[in-house]
Amino acid sequence: MIFKNIPKLIKYLKIYLKSPYFGFIQGHIHLNKLKIRKLKSFINKHDSKIIMQYEKQFSNLIGKGFCISYASARMGFYEIMEAINITENDEVIILGSTCSVMINAILRRKAIPRFSDIDPETFGSDYKSIKEKINSRTKLIVAQHSFGIPCNIKPIVRLAKQKKIFLIEDCALTLGSKIEGKIVGNFGDAAIFSTDHSKPINTIIGGFVYTKNKELFFELKEMQKNLPSLNKSKQIAIWNQLNFEKNYCHPNSYGKFAFANKIRNYTKKYFGGEEAFLIDDFYSYPGKNYPYPAKIPTFLAALGLIEIKRWPKIRRERIDNMQRLIKFFESREKQIPPIYKKKDIEIIPLRFVWVEKNQLIMKKLSEFIDTSWIWFKKPIIETIGPLKNYKYKIGSCPLSEIIGKEVVNLPLNLKKNEFILLEKNLKKTFKKFI
């Protein structure tokens, strides 16, 4: 079997030689030896003070509510559903352009996902589509903010209140963005945030529930006390991933990361070994390789505290990179989504996104960007198995299906000198087409 993958390995060997090569993960190169030793000392140890401090500081980034931490945002989503008693045959409206882990959380509750379509202006949840999906069995609405762009949440809030349906904001891809001065996460009854390695704040894995509802907060906090921890071997695997990305997830060595990552995945597939990520949640059936839901490891909470201190700088860099791209495309009379110029919202971007009909441009971009990581090329990404296993029927979200074929993401998690290199490559690409 392994020999069948040799052509793919040769393809990735070519990528190995590329520099610079840009990806959507930024390694923790800023961690010095002292911080590394301190973080390592927390592996397989539980320190409630560090966890509580992390939760408090993260909630301060969003507003006057409260945070509860988990090993992943999807686990927090599951815990909300348990707290509000989402059970068998209840329906949950969720955006088609989402990750399989969210759908599997719904299926774990034996509930039914009902897929709403994308808003082509914001790439997030669409009010009209949500309204069309509501019926007597609808118990929960999930409104997603994508790529750092706030969705048109206000009419969704009014609809949820009118119908007395619980509303969760999915802020896994969006941290700090505002609508008329109000930070996303403060509109619904609760919100979830992710700190996965591809998200705004990177702790490899992890996530939060945020809510201003004290009753819900205390209930979730009580439930959290009884959650198990990830075992030592899993925590060590996460630690190894942290160091692996620290060394390789940068433009000068990202090609090596992409190649080595493929080799590691093949090795684990054929020879076994502990996986750092919670990949059971990509399958359309529950796995048993780690507890679900679970507490966030203390060493990742400690890492999160470091990343929160760095957030103002990272936030500024990503805004600057977005503004540079807006000017870049405007100077070439290239149409970009109008949402980037809207006056009543403030975007703290995770990725820069647009719809590109010229597939030759996508091909050229793949020469210096890891385009395999572009979201959302199809409804429900990160699926292992056909979409029907996740209760999705082709045609349920026609706009998501059409836009997905043409959507482009550019990484914004770059320092200024790195972003200048990206711009140079973009100039060479667009010079031929614009």
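Guide: The largest cavity is lined by 26 residues, and Q26, R310, I314, R318 and N413 are the ones nearest its centre. A cavity here is a set of points, on a 1 Å grid over the protein atoms alone, where a 1.4 Å probe fits but cannot get out, and a lining residue has an atom within 4 Å of a point. The model is a predicted one, with residues numbered from 1 along each chain as its sequence is written. Local features need pLDDT of at least 70 and side-chain atom pairs count only at pLDDT 80 or more, while totals for chains, interfaces and linings use all residues, and side-chain values use heavy atoms, without hydrogens and water.

The space in the largest cavity comes to about 320 Å³. That volume is the space filled by probe spheres set on the grid points, which are joined across faces, edges and corners. Helix α11 (residues 298–331) supplies the largest share of the lining, six residues. Helices (H or I, at least four residues) and strands (E, at least two) are DSSP runs, numbered from the N terminus. By class, the lining of the largest cavity holds eleven nonpolar, eight polar and seven charged residues. Nonpolar stands for Ala, Val, Leu, Ile, Met, Phe, Trp, Tyr, Cys and Pro, charged for Asp, Glu, Lys and Arg, and polar for the others, Gly among them.

Four cavities of 30 Å³ or more are counted. Six of the lining residues of the second largest cavity are nonpolar and three are polar, with no charged residue.

F123 sits in the loop between β3 (112–116) and α6 (127–133), and has a positive phi of about 65° although it is not a glycine. F123 is buried, with a relative accessible area of 3%; buried means under 20%, exposed over 50% and partly exposed in between, with a 1.4 Å probe and protein chains only. F376 is joined to W375 by a cis peptide bond, with omega of about -20°, and F376 belongs to the loop between α12 and α13. A cis peptide bond also joins Y292 and P293, with omega of about -5°. P293 is found in the loop between α10 (254–271) and α11, the helix that gives six residues to the lining of the largest cavity.

The 15 residues of α3 (residues 48–62) should span 21 Å at 1.5 Å a residue, and its end C-alpha atoms are 22 Å apart, which agrees. The expected span is 1.5 Å times one less than the number of residues. In α3, I50, I51, Y54, E55, F58, S59 and I62 are buried. Seen down the axis of α3, the buried residues fall within an arc of 165°, so they line one face of the helix. The arc is taken from the directions from the helix axis to the C-beta atoms. An α-helix has 3.6 residues a turn, so residues three or four places apart point the same way. On the other side of α3, K49, M52 and K56 are exposed. The cover over the buried residues of α3 includes α11, along with β1 (66–70) and α8 (214–225), judged by contact, that is, heavy atoms within 4.5 Å.

Helix α14 (residues 416–430) also has 15 residues and should span 21 Å at 1.5 Å a residue; its end C-alpha atoms are 21 Å apart, which agrees. Its buried residues are E418, F419, L422, E423, N425, L426, T429 and F430. These cover an arc of only 165° around the axis, which puts them on the same side of α14. N417 and K428, on the other side of α14, are exposed. Among the elements covering the buried residues of α14 are α11, β11 (351–355), α12 (359–365) and β12 (407–411).

K431 lies in the segment after α14. K431 is exposed, with a relative accessible area of 72%. The C-alpha atoms of K431 and R332 are separated by 8.7 Å, although the two are 99 residues apart along the chain.

Technical notes
On a 1 Å grid over the protein atoms alone, a cavity is a set of points where a 1.4 Å probe fits but cannot get out, and a pocket is an open set with protein on both sides within 12 Å along at least five of seven lines; lining residues have an atom within 4 Å of a point.
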